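Here are a few exercises to work through with the structure open beside you. Try each one before reading its solution.

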Amino acid sequence: MEDNITAIPESQVPPHNPVSDTNQIDIRYMTLALQEANKALQEGEIPVGCIIVSDGHIVGRGHNLTETLQDVTAHAEMQALTAAAQTLGGKYLNDCTVYVTLEPCVMCAGAIGWAQVKRLVYGAPDPKRGFTHLAPNALHPKCLIQHGILQDECAQLLKNFFQTRR
Ligand SMILES: [Zn+2]
């Protein structure tokens, strides 16, 4: 139901269609978000990473720091939103795309909504804590959502983390 709102089915994408270019850009930024997630992993944190892009520039990045900071609000998105607001000198991120490796929780979706983020792209779904089930209206009504970009890589990183902790 909430599948790829902005995406066109593979079969309908003609060659050189801008949509496929967009996908290449999405993959590039999600790769950077994965690098952020890897930083979290190296610090013993649940590996989630986030990159915020405005007009082709990275204006914020962050990774999960809840253990390091002993702060339940220190999710990757919260770090990146704060960084982006500082970079841009304003709290509204209405020309920004947020790339995050895991579906945002209700708290982060709320923050993404308050910031009026233009577009959200996430990798792996979070069936337990993800906002799409718990708070589907948390985002700004105009926010475009896309998911599944590098989903397997994003999910595998989390799976590995939880396996090694058992
Ligand atoms: Zn969160």
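Predicted model: local features only at pLDDT ≥ 70, side-chain atom pairs only at ≥ 80, totals over all residues.

Residues are numbered from 1 along each chain as its sequence is written.

**Exercise 1.** Find the strand order of the open sheet and its edge strands.

*Solution.* Start with the strands, which are DSSP runs of E with at least two residues, numbered, like helices (H or I, at least four residues), from the N terminus. Two strands pair if DSSP finds at least two bridges between them. The five strands of the open sheet then come in the order β2-β1-β3-β4-β5, with mixed pairing. The edge strands are β2 (57–63) and β5 (144–147), each pairing on one side only. Next, look at β4 and β5: they run parallel and are joined by four bridges. In β5, H147 is the bridge partner of Y122.

**Exercise 2.** Check the length of α2 against its number of residues.

*Solution.* The expected span is 1.5 Å times one less than the number of residues. For the 13 residues of α2 this should be 18 Å, and the end C-alpha atoms are 18 Å apart, which agrees. Just after α2, G89 has a positive phi of about 70 degrees.

**Exercise 3.** Which residues of α3 (106–114) are buried (20 or more other C-beta atoms within 10 Å of their own, with C-beta atoms placed from the backbone)?

*Solution.* Counting gives C108, A109, A111 and I112. Now take the directions from the helix axis to the C-beta atoms: these residues cover an arc of only 160 degrees, which puts them on the same side of α3.

Notes. Buried ≥ 20, exposed ≤ 12 C-beta atoms within 10 Å, placed from the backbone.
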